[in-house]
Amino acid sequence: MDINKLSRMANQIAANFEANGHDKAVEETRVHIWKYWDPRMKAQIFGDTSQLSPIAKDAIEQLKAEAEAA
Amino acid sequence: MGYERQKDFGTPESTSNEMVTLTIDGREVSVPAGTSVMRAASESGGHIPKLCATDNVKAFGSCRLCLVEIEGARGTPASCTTPVAAGMKVKTQTPRLEKLRKGVMELYISDHPLDCLTCSANNDCELQDEAAAVGLRDVRYGYEGANHLGGAVDGSNPYFSFASDKCIVCSRCVRACDEVQGTFALTVDGRGFASMISAGQTVDDFLTSECVSCGACVQACPTSALMEKSVKEHGKPERSVVTTCAYCGVGCAFRAEMKGEQLIRMVPWKDGKANHGHSCVKGRFAWGYANHKDRITKPMIREKITDPWREVSWEEAIRFSADKIKTIKAEHGPSALGGITSSRCTNEESFLVQKLVRAGFGSNNTDTCARVCHSPTGYGLSTTFGTSAGTQNFDSADHTDVFLVIGANPTDAHPVFGSRIKRRLRKGAKMIVVDPRRIDLVKSPKIEAAHHLPLQPGTNVAVLTSLAHVIVTEGLADEDFIRERCDWDEYQDWARFVSDEKHSPEFLEAVTRVPAQTVREAARLFATGGNGAIYYGLGVTEHSQGSSTVMAIANLAMVTGNIGREGVGVNPLRGQNNVQGACDMGSFPHELSGYRHISDAATRKLFEDDWGVALDPEPGLRIPNMLDAAVDGSFKAIYIQGEDILQSDPDTHHVAAGLAAMDCVIVHDLFLNETANYAHVFLPGSTFLEKAGTFTNAERRIQPVRKVMEPANGYQDWQVTQLLANAIGCDWNYKHASEILAEISRLTPTFAGVTWERVINGDQLQWPVTDKAPNGSPIMHVDGFVRGKGKFVVTEYVPTDEKTGPRFPLLLTTGRILSQYNVGAQTRRTGNQVWHSEDVLEIHPTDAENRGLATGDFARLASRAGETTLRVEVTEKVAPGVVYTTFHHPDTQANVVTTDNSDWATNCPEYKVTAVQVTPSNGPSEWQEEYADLTAMARRIEAMEPAE
């Protein structure tokens with residue numbers, strides 16, 4: 001899938017949680033992507049976080065670590 | 001049931017709780033105070049002759065036929081305008097009354113054609129009935145003098161005609177237009193003997209007048225003066241079946257009045273709880289598509305989309321489909337397969353499609369057309385209140401003091417409820433409209449909004465936050481409600497957020513373009529004006545911040561204490577007839593029916609035990625993700641029931657690319673729609689008249705859909721899904737939709753108390769229907785929110801990425817029009833075309849002048865996604881800098897222009913904000929010409945070889 005589009009989606013989610021402060025926004029973004037994204041979308045963004053905002057990047061890295069630990 | 005006219009009590013029902021006892025013709029009768037003598041007689045089984053009275057409009061007292069005698073009263077008062085009184089003694093039949101009524105009726109008949117045997121109302125005519133009731137035998141006055149015989153017939157309306165010679169000028173039609181519909185299109189022109197019913201001005205006929213063809217006048221007419229053309233052509237119906245309309249989310253109940261298997265007319269059912277006997281032009285008249293020549297009733301297949309279609313048997317079509325699905329599954333795995341449920345189909349059909357995907361295909365790649373309309377409602381209301389649905393029933397509007405309508409145009413998109421709002425406004429309620437366009441609720445006959453906030457498209461969140469800013473900073477918050485019902489800590493966080501000066505109306509005025517003072521006055525009115533109710537539509541959800549806007553609306557309702565009782569609430573106006581139901585049925589890829597996340601092991605186990613299969617715990621793909629994955633090569637096949645994603649979804653070029661990349665596209669529909677241009681299998685669908693099941697309207701009301709005729713294609717839609725499921729290895733054996741509903745109820749807690757028998761028996765269940773609420777829940781969150789404490793959510797305004805600039809300096813917003821429905825597949829195949837045969841672009845006079853455009857000119861509408869051409873209408877309905885069009889016509893395909901921007905939480909497309917340029921044009925765009933060629937090629941059907 002188009003990594004540009006996935007990155008835009010993740011950044012958009014993060015931006016809408018940003019007002020809650022970094023840590024809470026990261027957690028909200030992580031939960032949101034975990035709940036609503038298909039596994040292939042998650043897998044693809046785990047492989048390229050270069051276009052992500054700081055909140056989105058932290059959220060994706062947490063999700064990736066959880067997936068690897070599972 | 002056989003055919004009989006709906007009971008007419010003559011005057012409206014009284015809502016008083018006080019009972020009054022009187023005597024009518026020697027019988028003691030008890031009725032609510034305020035009831036007319038006429039209605040009291042009727043309710044107790046009697047009948048007082050009448051002509052100008054009908055029970056959906058106020059008593060008028062003009063025909064003088066309903067006279068009665070009342071002990072101790074002078075004269076013979078009209079029973080329709082005389083309220084009951086305790087101890088009153090009424091006589092409805094006396095020699096004196098008989099003589100008076102005969103005299104009155106004789107005058108009516110003396111100027112009425114006596115062609116009863118050839119009249120379209122013969123044996124279904126109130127004038128005829130009442131003439132018989134009063135015992136009129138002779139008419140002493142001949143036709144020699146002045147009369148109205150031979151008067152003109154106005155046949156301009158496609159669905160009904162007006163024959164002035166049959167008109168008795170009772171003015172029931174005028175009053176129905178005024179009081180029920182609220183359009184005020186009809187009037188009594190002239191005085192005395194010259195009085196005649198007139199639509200609009202003298203130069204108008206019904207078609208050119210303000211008439212919106214709701215049919216209220218036709219229903220009210222006691223003769224054949226206003227009569228459906230279908231009755232004129234085919235004769236009186238012989239039976240009727242009550243069912244539910246398949247157009248918008250209001251969910252009007254209708255009597256399908258039939259003659260054999262032929263539908264003669266649809267008449268709004270007075271006992272319908274959503275519509276109370278009213279209708280709009282679509283539900284009332286636009287059902288001709290069911291028998292349109294374009295309808296496909298035989299299955300068709302083709303190997304490649306460049307091949308012509310080949311008609312085949314159902315067995316071959318299903319086998320062909322199943323072979324492709326099984327092959328793709330074997331080669332690419334279950335995640336390459338998916339399906340789309342339909343908001344136009346029944347709950348039972350949607351439930352089966354998502355079951356087919358989850359249990360049959362083995363993936364969670366199921367989605368529904370709510371993705372492109374109200375998915376943010378599900379997210380937003382679930383987050384804040386705990387339930388993915390509106391909070392009120394429609395009757396609640398009768399108790400509203402202040403309406404806040406944002407991003408909705410009820411008089412066009414939900415006309416029956418729009419009339420309801422207008423009625424309440426005429427009684428004194430106030431209106432705040434938040435909309436870029438000057439919709440009819442801003443100002444139309446006898447109503448005017450207190451405030452119109454004509455915001456810049458894309459700034460809903462900013463406007464709502466600024467309204468909240470005023471309420472909190474001016475001390476107008478309902479703190480008692482908040483402390484009792486909401487999370488106080490979250491409220492304080494939110495209150496601090498909205499109180500920031502950067503959320504003040506003054507600061508945000510540059511963004512929203514709404515004068516700060518208007519925002520302040522609107523906020524004060526909403527917070528202090530009594531019961532405040534918020535109604536919203538796709539102008540809220542179809543934005544990059546659609547979900548945030550829904551949550552901001554919920555915040556506004558909570559901060560003002562406007563939740564949990566009649567007259568208040570948060571009310572999404574659902575676009576299609578069963579959007580609510582399709583969402584309830586587990587159509588979304590991340591949740592099972594009843595909005596339970598697929599990752600929840602306990603919920604999954606319920607379904608796994610019932611269905612006998614293991615379910616994937618991971619969420620599946622949404623529609624736009626499916627298309628992305630198709631282009632990417634990992635998504636190969638789709639089963640689409642009752643949805644035309646090529647026309648309805650954004651960024652048409654991308655949708656086409658996704659569909660073209662798939663190995664198997666199965667379209668299950670009534671017509672070869674635009675999506676079918678890219679399909680390999682076409683499975684003919686059945687109309688709502690040909691199936692049984694249930695629809696759930698915007699009030700969460702679960703209503704019966706009754707089969708009134710056999711499916712022209714041979715199968716109801718759920719049966720087709722079952723054929724496909726069994727062909728890929730499932731073992732389903734549903735004999736009737738009721739068995740599917742039983743499974744839904746078994747597996748869905750909010751439907752626990754719903755049974756087929758209760759729905760059919762008219763129990764009017766509004767979910768949740770549980771042990772705690774065995775008769776349903778007309779109003780939600782009465783004693784507490786479903787999630788426990790109401791959650792205030794901080795909704796930061798995040799501007800859309802879609803911005804105007806030198807190349808695309810205008811903002812396009814899209815919407816709907818009264819006479820057309822969604823992609824127009826149904827309404828374009830009806831007489832409704834006369835009102836709207838093409839999409840037009842509304843543009844402000846300043847913008848039009850700058851471009852040298854006048855009304856009727858062709859213009860090129862271009863965005864970064866694509867371009868199309870259409871005619872323009874120069875109007876001040878839109879603000880400078882904003883243009884507007886509809887998406888009802890495939891020749892235009894407005895979605896060629898809309899982009900892939902979407903709501904951050906749900907991927908609901910941002911239809912309402914597209915940066916565009918408008919320039920003069922000579923005719924169709926290159927794309928339109930190419931698409932016309934593609935369509936012609938894609939719709940070829942191979943000639944059948946003659947049988948030997």
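This is a predicted model: local features need pLDDT of at least 70, side-chain atom pairs count only at pLDDT 80 or more; totals for chains, interfaces and linings use all residues.

Biologist: How many helices and strands does chain A have?

Modeller: The secondary structure of chain A comprises 4 helices and 0 strands, in the order α-α-α-α along the sequence. Its radius of gyration is 11 Å, close to the 11 Å that the globule rule gives for 70 residues, so chain A is as compact as a globular protein of that length. The C-alpha trace spans about 30 × 25 × 20 Å along its principal axes, and buried residues account for 49% of the 70 residues.

Biologist: What share of the contacts in chain A between residues at least 6 apart in sequence joins residues at least 24 apart?

Modeller: That share is 67%.

Biologist: How should I read the salt bridges?

Modeller: Side chains of opposite charge can pair when their charged atoms come close. The cut-off here is a side-chain nitrogen of Lys or Arg within 4 Å of a carboxyl oxygen of Asp or Glu. By this rule there are 56 salt bridges over all chains.

Biologist: Which residue forms a salt bridge with B:Arg265?

Modeller: The partner is B:Asp124, with the closest N and O atoms 3.2 Å apart. The pair links distant parts of the chain: B:Arg265 is in strand β12 and B:Asp124 in the loop between α2 and α3, 141 residues apart. Both B:Arg265 and B:Asp124 are buried. They also belong to a network of salt bridges whose members include B:Arg5, B:Glu228 and B:Arg284.

Biologist: Where does the pair B:Arg829 and B:Asp294 lie in chain B?

Modeller: B:Arg829 is in the loop between β32 and β33, and B:Asp294 is in the loop between α7 and β13, 535 residues apart. Their closest N and O atoms are 3.0 Å apart. B:Arg829 is buried, with a relative accessible area of 14%, whereas B:Asp294 is partly exposed at 31%.

Biologist: Is B:Arg574 buried or exposed, and what is the nearest side chain of opposite charge?

Modeller: B:Arg574 is buried yet has no salt bridge. The nearest side chain of opposite charge is B:Asp584, 6.3 Å away. A salt bridge requires the nitrogen and oxygen to be within 4 Å. B:Arg574 is found in the loop between β23 and α20, and the residues that it touches include B:Cys248, B:His374, B:His414 and B:Cys583.

How values were computed:
Residues are numbered from 1 along each chain as its sequence is written. Chains are lettered from A and ligands numbered from 1 in the order in which they are written. Side-chain values use heavy atoms; hydrogens and water are left out. Helices (H or I, at least four residues) and strands (E, at least two) are DSSP runs, numbered from the N terminus. The radius of gyration is taken over C-alpha atoms; the globule rule is 2.2 Å times the number of residues to the power 0.38. Buried means under 20% relative accessible area, exposed over 50%, partly exposed in between (1.4 Å probe, protein chains only). Contact means heavy atoms within 4.5 Å. Lys and Arg count as positive and Asp and Glu as negative; His and the chain ends are not counted. Lists of a residue's contacts leave out its neighbours within four places in sequence.
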